[in-house]
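Please look at the sequence and the structure shown here before reading the notes that follow. The notes are grouped by topic.

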Amino acid sequence: MNVRELVKKAHETGDYSDLIAEIPYAKKIGVTCERFGDDVIFKLPANKSNIGNPLLPAIHGGVIGGFMELSAALYLMMFQDVPKLPKIVDFSIDYLRAGYYQDTFVECELTRQGKRVANVSIYAWQKTRGEPITTARAHFLIPEN
Amino acid sequence: MDKELTGRAQRFLDELAHCMDIGLSVSNVTNDGKTTLLLPYNEELIGNKDTRIMHGGAITTLMDTASGTSVICSLDDFEICPTLDLRIDYLKSAEPDKPVYGFAECYRISRNVVFTRGSAYQEDINDPIAYCVGTFMRLGTEFTPDYFRTRVLEGNRS
């Protein structure tokens with residue numbers, strides 16, 4: 001099944017697990033996603049093997065980065081009719097608060113889509129959306145159809 | 001290679017569950033704290049099944065860890081230094097079935113902040129797949145529990 005068909009089926013059923021299962025890294029860290037009207041929220045459930053700071057304990061900063069980057073790519077496939085996983089050009093992340101060993105949520109916003117490049121802003125939080133743990137932005141190359 | 005610092009780096013990595021989970025290991029640390037880590041090729045980390053290339057997230061983890069380890073190995077005493085920010089430029093795709101090396105060094109250590117730079121490469125450090133700059137916050141030794149400090153600096157001598 002190609003990505004467009006997977007996205008179409010997922011939008012119809014509200015079940016995005018088949019789409020996410022196409023990406024082994026997403027399965028590895030445990031990403032899920034849920035649709036709320038036109039919005040989608042990605043979730044990284046607390047998972048022991050994602051810990052990177054044993055003292056707090058907290059999730060590895062690289063995993064939070066990977067989760068945000070992956071969410072942005074999925075977001076482009078889901079809402080911008082991008083037919084396969086878009087290639088990332090650059091990724092910049094600010095760590096604002098500790099990302100505790102808890103469920104983490106991500107929301108994406110398309111800042112600008114040109115013909116060949118898309119700019120996505122990405123926000124991650126745990127306790128409440130008003131207290132982000134990290135913010136990031138990424139550029140992706142949009143694959144030609 | 002600096003034997004003491006390489007040991008310190010490996011003991012630090014051993015404390016990070018996710019790094020153990022994806023098989024990160026220390027390849028080399030020089031006496032001035034320049035750090036090279038090794039990420040073995042791992043099918044669980046693939047981003048695109050068609051190309052079998054590891055996802056950028058795995059490279060982010062490699063570079064965050066390499067930079068953070070370089071910080072630990074560049075400071076005289078052990079302090080916890082969380083990442084403030086990280087920027088990664090993906091210059092070209094990694095090739096499947098080959099390990100990725102993450103090199104990082106500290107190019108400025110100030111009282112509060114450590115500045116790092118580095119690159120990810122497969123066969124040749126002069127032909128990188130990604131470039132990375134980061135900043136790390138120094139929390140000071142008083143915020144670092146003694147038992148953890150001892151474990152990383154001296155290992156388990158019991």
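## Where the two chains meet

In this predicted model, 17 residue pairs, both members at pLDDT 80 or more, are in polar contact between chain B and chain A. A polar contact is a pair of N or O atoms within 3.5 Å; within protein, one must be able to donate a hydrogen and the other to accept it, and residues adjacent in sequence count only if both atoms are side-chain atoms. Residues are numbered from 1 along each chain as its sequence is written, and chains are lettered from A and ligands numbered from 1 in the order in which they are written. Local features need pLDDT of at least 70, side-chain atom pairs count only at pLDDT 80 or more, totals for chains, interfaces and linings use all residues, and side-chain values use heavy atoms, with hydrogens and water left out.

**The side of chain B that touches chain A**

- Helix 2 (17–21), strand 3 (46–48), helix 3 (56–74), strand 5 (83–90) and helix 4 (146–154) of chain B are the elements that give two or more residues to this side. Helices (H or I, at least four residues) and strands (E, at least two) are DSSP runs, numbered from the N terminus.
- Strand 5 of chain B gives the most, with eight residues.
- By residue type, this side of chain B divides into 15 nonpolar, eleven polar and nine charged residues. Ala, Val, Leu, Ile, Met, Phe, Trp, Tyr, Cys and Pro count as nonpolar, Asp, Glu, Lys and Arg as charged, and the others, Gly among them, as polar.

**Size of the contact**

- Chain B brings 35 residues to the contact and chain A brings 33 residues; contact means heavy atoms within 4.5 Å.
- About 2700 Å² is buried between chain B and chain A, 56% of it on carbon and sulfur atoms. Buried area is the accessible area (1.4 Å probe) that two parts lose on being put together, summed over both.
- His18(B), His55(B) and Tyr90(B) supply 21% of the area that chain B buries against chain A, more than any other three residues.

**Salt bridges**

- Over all chains there are 24 salt bridges, and four salt bridges are counted between chain B and chain A. A salt bridge is a side-chain nitrogen of Lys or Arg within 4 Å of a carboxyl oxygen of Asp or Glu.
- Lys28(A) and Asp21(B) form a salt bridge, with their closest N and O atoms 2.9 Å apart. Lys28(A) lies in helix 3 (residues 24–29) of chain A and Asp21(B) in helix 2 of chain B, so this pair joins two chains.
- Lys28(A) is buried at 15% relative accessibility, whereas Asp21(B) is partly exposed at 31%. Buried means under 20% relative accessible area, exposed over 50%, and partly exposed in between (1.4 Å probe, protein chains only).
- Asp89(B) forms a salt bridge with Arg87(B), the closest N and O atoms being 2.7 Å apart. Asp89(B) is partly exposed at 23% relative accessibility, and Arg87(B) is partly exposed at 29%.
- A network of salt bridges links Asp90(A), Arg137(A), Arg87(B) and Asp89(B).
- Arg35(A) and Asp38(A) meet in a salt bridge through their side chains (3.7 Å, N to O). Arg35(A) is partly exposed, at 26%, while Asp38(A) is exposed, at 66%.

**Two buried residues in loops**

- Ile23(A) sits in the loop between helix 2 (17–21) and helix 3 of chain A and is buried, at 4% relative accessibility.
- Ile23(A) touches Leu70(A), Leu74(A), Met77(A), Leu85(A), Ile46(B) and Gly47(B), not counting residues up to four places away in sequence. Ile23(A) and Leu74(A) are 51 residues apart along the chain, with 9.8 Å between their C-alpha atoms.
- Gln122(B) is in the loop between strand 7 (113–121) and strand 8 (130–137) of chain B and is buried, at 11% relative accessibility.
- A polar atom of the Gln122(B) side chain lies 2.7 Å from the backbone nitrogen of Glu95(B). A polar atom of that side chain also lies 3.4 Å from the backbone oxygen of Lys98(B).

**Cysteines**

- The whole structure has zero disulfides over all chains; a disulfide is a pair of cysteine sulfur atoms within 2.5 Å.
- For Cys19(B), the nearest cysteine sulfur is that of Cys73(B), 13 Å away. Cys19(B) is buried, with a relative accessible area of 0%.
- For Cys81(B), the nearest cysteine sulfur is that of Cys106(B), 8.7 Å away. Cys81(B) is buried, at 13%.
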